[in-house]
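The report below takes them in turn.

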Amino acid sequence: MESWAIEVAQAALVLGLAPGLVGVVRWLKARLQSRRGAPPWQPYYELRKLFGKEVVVSRNASWLFRLAPYVVFASTAAAACLVPALAVERPLDGVGDLLVVVYLLLLATVFLALAGLDPGSAFGGMGSSREMTVAALAEPTVALAIFALALSAGSTNLGQIVARTLGDPAAALSPGHLLAFAALFIVMLAESGRLPVDNPGTHLELTMIHEAMVLEYSGRYLALIEWAAALKLLLFFALLGNLFVPWGVAVAAEPGALALALASLVVKLAVIAIVVALLETRVAKLRLFRVPELLSVSFVLALLAVTSSFLAR
Amino acid sequence: MTAETAPLLCLLMVAAYLAGAAGALAPLGPRLTRIVAAAGAIGGAVAGTVLATVVLVGGRPLVVTVPALLSVGGGLALRLDGLGAFFLILVGVVAAPAALYGVGYTAAYQGRYSLRWLGAMLNLFLLTMSLVVLADNALTFLLTWEAMSLTSYFLVMTEHERADTVAAGSWYLAMTHVGLALILTAFVLLIPPDGGASFAELRGAAATASPALRGLVFVLAVLGFGGKAGLVPLHVWLPRAHPAAPSHVSALMSGVMVKLGVYGILRLALDLLGVGPAWWGALLIGLGAASALIGVLYALMEDDLKRLLAYSTVENVGLVFIGVGAGLLFVSLREPAAAVLALAAALYHAVNHGVFKGLLFLGAGSVAHATGSRDMNRLGGLIRTLPWTAACFLVGALSIGGLPPFNGFVSEWLLFQSLLPAIGSTAPLVAPVMTLAVGALALTAGLAAAAFVKAFGITFLALPRSAEAGAAHEAPLTMRLAMVILAVLCALLGLGAALILPVLGGIVAGHAGLPRLAPPLTAGPLLLPPGGAASMSPSLVAIGLLLAMGGAWLAVRLLAARGLRVGETWGCGRLGQTPRMEYTSTAYAEPLRRVFAELYRPTEDLAIEVHPESRYFVQSIAYRSEIVPWFERYLYAPLVGRIAAWAARARVIQSGSAHAYLAYLVVALLALLAISLAWSG
Amino acid sequence: MDTLFARLVVLESSAALILGLVLLWRRGVPAYVSAFTWQSIVLAATAATVGWFGHHGELYVVAALLVLVKGIAIPRLLGRMERRFATQRELAPYVNTATSLVVAGLLVLFGHAVMRPVVAASELPTRAAMPLAMGLVLVSLFVVVSRKKALTQVVGFLMLENGIALLALLGAYGVPLLVELGVFLDALMGFLVMQIFVYRIQETFETIDVDQLDRLRH
């Protein structure tokens with residue numbers, strides 16, 4: 001019973017924190033660029049506003065367009081429930097491993113891409129086509145990085161990977177681990193639409209991927225999609241934080257350990273947010289046709305991670 | 001039902017197919033012909049499925065021999081074990097909906113093509129496919145195999161007046177006979193000099209054969225059966241022949257017949273040859289990975305819906321072979337638990353692909369039926385006019401894209417898990433090979449998702465791109481029903497994975513030195529690969545997804561504003577959206593075409609006509625792009641040229657005089673006699 | 001092999017290999033030069049590590065020389081050459097960037113397969129890193145083969161030399177000092193010769209694109 005309570009609390013926590021994380025990254029970027037920027041809690045206001053507005057749906061859109069936001073939100077939320085944000089021992093740990101998380105996120109991407117095509121606008125098609133390209137090319141990196149992790153942990157289950165790294169702290173500094181981290185970091189940038197792959201802050205058709213796809217959405221549908229996007233960002237940050245630097249994650253279900261886990265999660269999210277904000281301030285967006293090169297860099301890093309993991313044994 | 005009913009069921013299956021064929025040929029009205037042919041096929045399919053279930057549940061193989069028939073080759077020998085039963089179920093599960101679909105689909109053929117011939121051939125095709133998995137000696141196997149190839153050839157040739165159909169048929173006929181020759185050689189090499197050709201005797205002969213001979217037999221089998229299965233580079237007939245056939249036949253060919261190539265390799269490698277060296281598995285993994293990648297890459301570039309599906313069959317067969325190869329590798333590395341998992345994953349993917357590819361071909365058939373076109377650049381907006389087809393096609397597309405909670409997701413997950421223990425192996429070369437296989441598998445999965453977003457999105461969403469697509473109509477009841485059955489199966493095969501996987505484990509257990517009792521692969525609703533490496537539960541994931549969706553819907557319903565206004569699609573302020581603004585199929589795949597330009601090497605023509613006054617006023621733009629697959633350009637084109645040159649040279653002996661030909665016959669006979677004399681003397 | 005020594009060596013070799021990959025990913029010569037500089041410093045660090053744990057005092061000398069020659073002198077010369085051909089970037093290599101990177105990944109795997117028996121037979125704590133050094137050698141060779149600009153090829157050659165030095169360090173704790181010095185001298189001489197050649201190519205063809213060299217036949 002207690003473990004389920006933790007499970008629910010964890011789900012509520014990630015759902016609640018996600019918009020704030022996006023706000024923090026935006027705020028940090030603004031500060032780094034010497035702007036005052038909107039406060040970190042701005043995304044909450046935006047969501048409230050969007051949920052309160054009527055939606056405008058294209059004449060050409062079908063039922064799929066109205067179903068997609070729910071599927072996107074649900075699959076991202078389901079994926080987020082599988083990630084050990086606070087505790088290792090969880091009833092849901094066996095339900096899905098890291099591969100399931102990846103496939104649930106792919107489900108969300110596919111529905112967004114279909115919804116982008118549905119109203120028949122050129123922007124939607126463009127965004128959809130680009131998003132699927134990036135998603136497809138990111139896939140091998142993700143799989144290999146997962147395998148690199150699984151090689152040292154002996155499992156693809158998230159709880160076990162975390163527990164294993166906690167038990168063998170030196171493994172966190174092994175080249176395999178570091179390379180897998182680097183590879184997944186690049187994939188995280190690509191999958192959550194950050195610079196240098198996609199620019200989350202622009203509405204210029206030549207540069208956008210994600211924003212082009214959701215251009216036709218408004219009101220509550222847009223709110224769900226924006227929330228899902230924030231959740232995906234948080235999910236990736238939490239994965240990077242907890243899989244590679246697992247210290248702080250609660251092993252036992254005690255209030256003290258959980259409080260520590262919460263604090264360490266916030267610190268990890270903040271650190272990764274700062275890194276992303278710094279990166280986004282420093283680099284320019286890549287041309288679309290250099291994105292595959294970036295992804296092949298990440299692929300090679302993941303391949304090296306697996307190779308190093310052979311060597312470590 | 002007990003095991004005693006098995007022979008009766010077998011008889012019933014054969015009788016139903018034969019009755020269907022005879023009934024279709026009988027002089028009935030066209031409508032009745034269609035119904036009788038379908039009834040026979042459905043009856044046979046159901047009887048076959050029940051028979052296979054009885055054998056699987058009872059655990060006792062069915063044995064039927066008719067020594068009087070085919071007495072030369074040891075009589076007609078039939079035996080149905082677990083492996084055969086699995087493939088018989090695959091035949092039945094896809095054949096019944098496909099036959100049902102045929103009732104409505106072939107109505108349009110009335111008056112243009114012979115419905116009687118089509119109905120009879122369909123029944124015979126199904127019968128021969130069922131008998132292939134029952135065959136228990138080399139002659140029975142080869143005869144039914146050849147009969148299966150011929151009946152499917154006739155089915156491909158249904159729309160025989162079209163030039164591309166004839167070309168497809170010729171490719172198919174040539175490739176399938178090269179394959180037959182290789183399979184025949186493989187069997188002949190195995191037959192002991194003083195023994196018969198029953199599978200039991202072959203098994204004994206293979207156990208004592210030299211490693212070189214066993215290796216040769218394996219390679220021949222891979223080439224022969226691989227050609228039928230569509231392994232790269234022997235797949236060239238597949239994207240030609242499958243789309244040319246009527247859609248329900250395409251479904252059967254892509255969904256089922258191709259899998260019998262997998263069956264052939266499993267029967268020969270796992271059952272007859274037994275434990276082999278590690279390179280057997282590595283060879284299959286390599287071929288499988290190449291097929292998967294090349295298949296999906298060309299599927300992405302296709303604008304023809306049925307050709308896209310055919311290329312995707314090449315991809316999925318590749319995935320199955322990765323599993324089979326991993327299984328054989330583990331067998332030779334003496335890791336039985338991992339081998340059972342890999343082989344079970346391969347079988348799982350085989351049946352899944354049968355179901356979703358069958359569904360997708362039926363869906364593509366409905367689209368062609370409704371619009372008269374398979375070119376996606378002329379389709380669009382069908383989700384409104386063909387709601388049932390669209391919903392079913394979406395289920396098929398999500399399944400084949402490997403997305404939860406449908407069946408493709410489960411088998412892809414199992415394939416990944418079955419490769420994982422190998423990466424930890426210390427045997428030489430295993431780890432690098434498996435690493436590449438994982439990369440190829442993942443890239444294939446991602447690209448397949450992209451290809452099917454394109455296939456569904458361009459065909460069914462947005463505005464119709466042509467008048468025919470705008471005037472489409474939903475398919476008749478039989479066709480819709482067939483698609484709904486397969487769509488429900490896609491969901492059930494995904495959700496019920498925890499019940500199905502142990503059965504598959506039981507099928508492969510006992511072969512090739514694997515323990516008779518399969519390791520437990522599940523625990524409650526969880527799939528649990530041996531070794532405790534990971535766990536996953538598709539049913540619980542599905543429940544979680546539904547809960548999250550329901551929760552989100554309820555929350556939005558209760559808390560959010562409810563207004564909804566219908567407006568125009570945003571077009572930068574331009575009102576009046578036209579289909580010409582939409583992304584086309586070609587445009588959708590353009591980024592990936594650029595990424596893989598070194599593989600595709602597309603030829604492109606861009607002709608821009610400008611206004612004579614200023615080059616900034618474009619009058620017309622003509623863009624043409626073509627991709628000739630490199631294996632056709634560099635492998636088959638020279639080969640076909642060489643053969644044509646030899647054939648031209650052989651023309652010298654063609655005089656046209658009957659006497660000359662008779663003389664050739666005599667000379668050949670004398671030469672053969674002389675050789676046999678020299679041999680025995 | 002789970003000692004600190006082994007881990008450090010694997011880490012350093014991985015870093016050297018990744019710096020080698022920069023040649024395939026970036027297009028500007030300054031990036032190549034700084035990658036080479038860092039790689040040389042990592043190599044020096046590896047030499048010092050092996051010297052420390054393997055108790056080979058003379059390896060410190062090698063490390064110091066590495067920093068001096070490859071970490072400071074050659075990058076300076078490279079920088080000067082780069083300024084002279086500032087506008088010429090590696091825009092159209094024979095094999096495009098994405099493919100090159102994937103090929104490099106495959107080469108590393110291949111290096112791993114090739115070195116497997118050696119690693120299995122070896123008893124040294126450094127053996128685990130040898131496949132990575134082999135990977136660096138193969139990747140550098142691939143750079144030399146697949147790039148068109150003479151400057152890129154020069155950097156590729158220098159990295160090849162680094163890879164061989166790394167392999168020698170890991171496999172035999174460095175060859176005797178005298179041989180090492182000779183190799184340094186060779187590398188330096190080779191570099192100077194190449195530098196002269198690059199200038200000559202530039203003078204003759206007004207580009208350092210070695211693609212143009214086939215014009216010599218006509």
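What follows covers a helix pair, a chain contact and a pair of domains.

This is a predicted model, where local features need pLDDT of at least 70, side-chain atom pairs count only at pLDDT 80 or more, and totals for chains, interfaces and linings use all residues. Residues are numbered from 1 along each chain as its sequence is written, while chains are lettered from A and ligands numbered from 1 in the order in which they are written.

**Helix pair in chain A.** Helices are DSSP runs of H or I with at least four residues, strands are E runs of at least two, and both are numbered from the N terminus. H2(A) (residues 42-51) packs on H9(A) (residues 219-244) at about 150°, and their axes lie 7 Å apart. That makes H2(A) roughly antiparallel to H9(A). Axes are lines fitted to C-alpha atoms, for helices over the stretch in contact, and angles run from 0 to 180 degrees between N-to-C directions. Under 35 degrees is roughly parallel, over 145 roughly antiparallel, 65 to 115 roughly perpendicular, and the rest oblique.

In H2(A), A:Pro43, A:Leu47, A:Leu50 and A:Phe51 take part; their partners in H9(A) include A:Trp227 and A:Ala230.

**Chain C against chain A.** Contact means C-beta atoms, placed from the backbone, within 7 Å. Here 18 residues of chain C touch 15 residues of chain A. H4(C) (97-121) and H1(C) (4-25) each give two or more residues to the chain C side. H4(C) gives the largest share, 9 residues.

The bounds come from an automatic or database domain assignment.

| Domain of chain B | Residues |
|---|---|
| domain 1 | 3-515 |
| domain 2 | 630-680 |

Their centres, taken over C-alpha atoms, are 35 Å apart.

How values were computed:
Contact = placed C-beta atoms within 7 Å.
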